[in-house]
Amino acid sequence: MTDVPAATEDKNQSLTVRDNRTGSEYDVPIVDGAIQAADLGKIRTDEDTPGIAVYDPGFVNTASCRSAVTFIDGEKGILEYRGYPIEQLAEKSNFLEVNYLLIHGELPTKEQYDNWVHEITYHTFVHENVKTFMQGFRYDAHPMGMLMASVGALSTFYPDARNISDPDNRHMQIVRMIAKMPTLGAWSFRHAQGKPYIYPDNELGYTANFLSMLFKMSEKKFEADERLVKALDVLFILHADHEQNCSTNAVRSVGSSQVDPYSAVAAGVGALYGPLHGGANEAVLRMLRRIGSKENIPSFIEGVKNGNEKLMGFGHRVYKNYDPRARIIKKSAEDVFEVTGTNPLLDIALELEKIALEDDYFVSRKLYPNVDFYSGLIYEAFQFPPEMFTVLFAIGRTPGWLAQWLELVQDKEQKIARPKQIYTGDRQLEFVPASERWK
Ligand code: CMC
C-alpha cells in the first residue's frame, strides 16, 4: 500500500484507492470531507505518464476554496452570512450593516457602523469623466452591459487599486465600489430612458438614494415611500452573497491573477449578465404572462410534467427544500403591493405555487420556489424594465463578491486559477503552408 502523500494518522479518515492498472493501493487523506485533487495526481502508472485528474465540468463536486463568508445547507433550506441566519438579517438588519458584516466578518459597534455609513455615503460620486464615458453608449444600451463596462473602467480612475497587498488600499477600493455601484446602476437605467443622470443625495440612506437617482425628475428632493425603501433593502440583503456561485467564482478566478478588484468585479457582473445566472426572474414573468389566467394553470403544469416546459423560478442546484430567500421575498411582495397596488400576475404565481407544492412530480424531485419566483413581480411593481433586474442583483451581490475577493487575496493556499483539461484534439500534424495547400 502506498500512502499519498503520507500515511494519515487516522486510517478511518482516508480513502483507499486501488489502481487496477497497476494493482497499487493508495491511502488518500480526507480532511473536512474532501480529498486533495493534488493527491490523486500522484497516482500514476509510471514516472512518464500524468497522474489521475478529476473531470468536473461546472465544478459540480469540486471545492475551490475554504471560505468563512456564507453557509448554505440546501437540504434543510438554510442560508447564513458569517453565521447569521438570513431570516434574522432580513428582518432586523439593513443592507449597509450586512455589507459591513460580510466584509469584516463581524457585526459593527455603533462607532464602526457610523464610520462605515459615513465612508460609503461620501464615496457615492464618480469622476465626471465616468459620466461622459457612460453617455457615449448607444441610446438603447443594455444597462447590464453599461454597468459591466463602467465598473471595469473604474480601474483606470483608481490605478492605485492595483496595490492589492496593502490592507488600507484594499479597504479604500471596497468602500468606493460599494458606494459607486448604485450610481453606475442608476445611470445605466436613466441612459436607456434618455433622462438626465441624477447625482447622489448624501442626505439619503443607501437604498433611498439609489431610488432617488433612478426616479427623481424635477422635484427638489425625491423621497421614496419608506415601505418601498425597506423592501428593496431586503432584496439587496437576500442577494448579498451565495457562496461559490458562477459570478463569485468568476470574481475569484479573475482576482487570482492579482488584478485590481474593479476588473475582478467587472468579471462577476459579466457572469451575472447570463440568463442561467441572473436572468431567471425575467423568465418567470414571461411564463406567468403566457399562462395568462388561473384556469390555464392545470394544462401548463401538465406541459411541465410531460417535459415540454419548465416551471421557471422552481428548483435549485443547491436547495432541495424551500429556498429561504423565496419565503422572505414572498412577504416583501405583500408589503410592496400594499403601496403600488397588486400585480395581477401575483394571483397566478400564488396558485401555481400551491398546485406545484402538492403535485408529486415537484414533491418527488424536491422542486420548491427559488429566489426568482417572486422577485421579478416585485421589481415590476417598482416599474423596473426586465433589463434592470440583473443590475439590481449586481448591486446586491457586490459586498459578497468583495468579501470573497478579500478572502481570496489573503488566503495563502490560493493560487492562480488554472484548471486542467482533457485534450481531445490532434497531435503532431505536419503544417503545410497556405501557398502549397491552396494550389
Ligand atoms: N421545472 C420542471 N422540472 C424541473 C425544474 C423546473 N423548474 N427544475 C428541475 N426539474 C426537473 C428536471 O427535469 C429533472 O427531472 P428528471 O429527474 O425527471 O430528469 C429534475 O427536476 C432534476 O433537475 P436538474 O435539472 O438535474 O437540476 P439542476 O440542479 O441541474 O438544475 C436549475 C437546477 C435551477 C437549473 C433548474 O431547477 C431550473 O432550470 N430551474 C428553472 C430556472 C430557475 O428558476 N433558475 C433560477 C435558479 S435560482 C437563482 C440563483 O440562485 O442564482
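Biologist: How much area do domain 1 and domain 2 bury between them, and what percentage of it is on carbon and sulfur atoms?

Modeller: Please note at the outset that this is a predicted model. The size of an interface is often given as the accessible area lost when the parts come together. Here, domain 1 and domain 2 bury about 1400 Å² between them, and 74% of that area is on carbon and sulfur atoms.

Biologist: Which residues make up the two domains?

Modeller: Domain 1 comprises 76–274 + 398–409, while domain 2 comprises 280–381. Their C-alpha centres are 28 Å apart. As for contacts, 17 residues of domain 1 touch 17 residues of domain 2.

Biologist: How many salt bridges does the rule find across the interface of domain 1 and domain 2?

Modeller: The rule finds one salt bridge across that interface. Glu 338 forms a salt bridge with Arg 227, and their closest N and O atoms are 3.3 Å apart.

Biologist: Which elements give two or more residues to the side of domain 1 that touches domain 2?

Modeller: These elements are β5, α2 (86–92) and α9 (226–239). The greatest contribution to this side comes from α9, with eight residues. Sorted by class, the side of domain 1 that touches domain 2 has ten nonpolar, three polar and four charged residues.

Biologist: Let us turn to the strands. What is the order of the strands in the open sheet of three?

Modeller: Strands of a sheet pair through backbone hydrogen bonds, either parallel or antiparallel. In this open sheet the order is β4-β5-β6, and the pairing is antiparallel. β4 (70–73) and β6 (84–85) each have a single partner strand and stand at the edges, so one side of each is left without a neighbour in the sheet. Four bridges join β4 to β5 (residues 78–81), and Phe 71 stands opposite Glu 80 in β5.

Biologist: How many residues lie between β2 and β3 in their hairpin?

Modeller: The hairpin has four residues between β2 and β3, and Gly 23 in the turn has a positive phi of about 80°. β2 (residues 14–19) and β3 (residues 24–29) run antiparallel and are joined by six bridges. Val 17 has Tyr 26 in β3 as its bridge partner.

Notes:
Residues numbered from 1 in each chain as written. Predicted model: local features only at pLDDT ≥ 70, side-chain atom pairs only at ≥ 80, totals over all residues. Heavy atoms only, no water. Pairing = 2+ DSSP bridges. Domains from an automatic or database assignment. Contact = heavy atoms within 4.5 Å. Buried area = accessible area lost by both parts, 1.4 Å probe. Salt bridge = Lys/Arg side-chain N within 4 Å of Asp/Glu carboxyl O. Nonpolar A, V, L, I, M, F, W, Y, C, P; charged D, E, K, R; others polar.
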